[in-house]
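Please read them with the structure open.

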Amino acid sequence: MPTRSIMDRLRAGDVLLMDGGTGSEIQRRGADVLVDTTAETELRAWSATANIEFADVVQQVHQDYLRVGADIIISNNFWTTPSRLELIGRGQNWEKYARAAGENALRARDALNPEAYVFGGISAPYRQDYRVTSPKPDVEVLGKEAFDQEFLGPAGVLSGLGVDALLPEYVGFIDDCVAAVDACATLGLPVFLGVRHITDYGWMQYGETLQDLVKALEGHQIDCILLMCSRPECVSVALPALRQAFDGPIGAYANVGYNPMAPVRGRTHKGDDMTAGYSPSRLAEFAQDWKEMGAQIIGGCCATGPEHIMALRPGVKG
Ligand SMILES: [Zn+2]
């Protein structure tokens, strides 16, 4: 367990290096993260089952990020939520997977670097209608109770295990961001928010602005806002606006292009090859810009690996 809290470090002005992609990385290492590529739901529970079926691979990924200098690793809880696991008929067992994910990350941290932080990352819920052309917030479609339960369940397990902060992430609408933050805030841990799919114009996925997000979060327990799973260029457009709107710590972890349906290790899936359109050194240049824009937590999302985080290290922590 770290001697200084994450909030102490951020208040002191430290800039911290976060890990890179976990789901894409365990897939790259040969773990089966695809349950049924022919189904309408395609990814289904994705990397969630690997926490038990490939626990060694998940722990190795966490350890490799710590070895290259990550101060923060995110537990592989991304889809260990009831709605995701229900897609493969294991919704009743979500707690088993959520617990394994938390334990994998904490074990790796305790073994490699007790001063590193473990964030419990929990994705926005699965929805049957996620491809509709005029989407509505998850909390509106699912109802508040069902929405809250998606976060409260895994967050309760993770806080019981001793993670350092909760990270509701991959959240799109402002209403969902506020609801997810509120649900996680009931656990008494710092709450970090990962906002997904920032557009070329620096807006949120559905055209809302980061200024309006910050306004909506006023009076709620929000300890840090991060832009995530977006192209690096989009993060660079949006970060200054976020910096201007929000007084608290901000951060970024961009993706570098990832097709989870790509052929991996000889297994044939539909889609193009897994891509990594940005070299580690190119991502490091972006990271340098984000640091100058005020980001205090910088890492990678889908398709980034330990090689990217290693390249980011000198600029982020130097
Ligand atoms: Zn991502």
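**Notes on the predicted model**

1. I198 touches M204, L227, S230, C234, V235 and A238, leaving aside residues up to four places away in sequence. I198 sits in the loop between β5 (192-196) and α10 (210-217). The structure is a predicted model, and these remarks should be read as such.

2. Is I198 buried or exposed? I198 is buried, because 27 other C-beta atoms lie within 10 Å and the cut-off for a buried residue is 20 or more. P232 is 34 residues from I198 in sequence, yet the two C-alpha atoms are 9.5 Å apart in space.

3. For the chain overall, there are 13 helices and eight strands. Of the 318 residues, 52% are buried. Among contacts with a separation of 6 or more, 78% are between residues 24 or more positions apart.

4. The largest nonpolar core has 107 residues, and the members that touch the most others in it are C177, L226 and I298. In soluble globular proteins, nonpolar side chains tend to be buried together.

5. Which residues does I298 touch, not counting residues up to four places away in sequence? They are V15, L17, M18, G251, A252, A287, W290, K291, L312 and V316.

6. Two of the residues touched by I298, A287 and K291, also belong to the α12 side of a helix pair, and L312 and V316 to the α13 side. Helix α12 (residues 280-292) packs against helix α13 (residues 306-317) at an angle of about 40°, with 8 Å between their axes. The crossing is right-handed. On α12 the contact is made by P280, S281, L283, A284, A287, Q288 and K291; on α13 by E307, H308, M310, A311, L312, G315 and V316. By class, eight of these residues are nonpolar, four polar and two charged.

7. Helix α8 (residues 144-161) has 18 residues, so at 1.5 Å a residue α8 should span 26 Å. Its end C-alpha atoms are 26 Å apart, which agrees. Just after α8, G162 takes a positive phi of about 105°.

8. Which residues of α8 are buried? They are F147, E150, F151, P154, A155, V157 and L158. An α-helix has 3.6 residues a turn, so residues three or four places apart point the same way. The cover over the buried residues of α8 includes α5 (82-86), α6 (94-112), β3 (117-123), α7 (138-142), β4 (165-169) and α9 (174-185).

Technical notes:
Residues are numbered from 1 along each chain as its sequence is written. This is a predicted model: local features need pLDDT of at least 70, side-chain atom pairs count only at pLDDT 80 or more; totals for chains, interfaces and linings use all residues. Helices (H or I, at least four residues) and strands (E, at least two) are DSSP runs, numbered from the N terminus. The expected span of a helix is 1.5 Å times one less than its number of residues. A residue is buried if 20 or more other C-beta atoms lie within 10 Å of its own, exposed if 12 or fewer, and partly exposed in between; C-beta atoms are placed from the backbone. Two residues are in contact if their C-beta atoms, placed from the backbone, lie within 7 Å. A nonpolar core is a set of buried Ala, Val, Leu, Ile, Met, Phe, Trp, Tyr and Cys residues joined through C-beta atoms within 7 Å. Axes are lines fitted to C-alpha atoms, for helices over the stretch in contact, and angles run from 0 to 180 degrees between N-to-C directions. A crossing is left-handed if the near helix is turned anticlockwise from the far one by less than a right angle, and right-handed if clockwise. Ala, Val, Leu, Ile, Met, Phe, Trp, Tyr, Cys and Pro count as nonpolar, Asp, Glu, Lys and Arg as charged, and the others, Gly among them, as polar.
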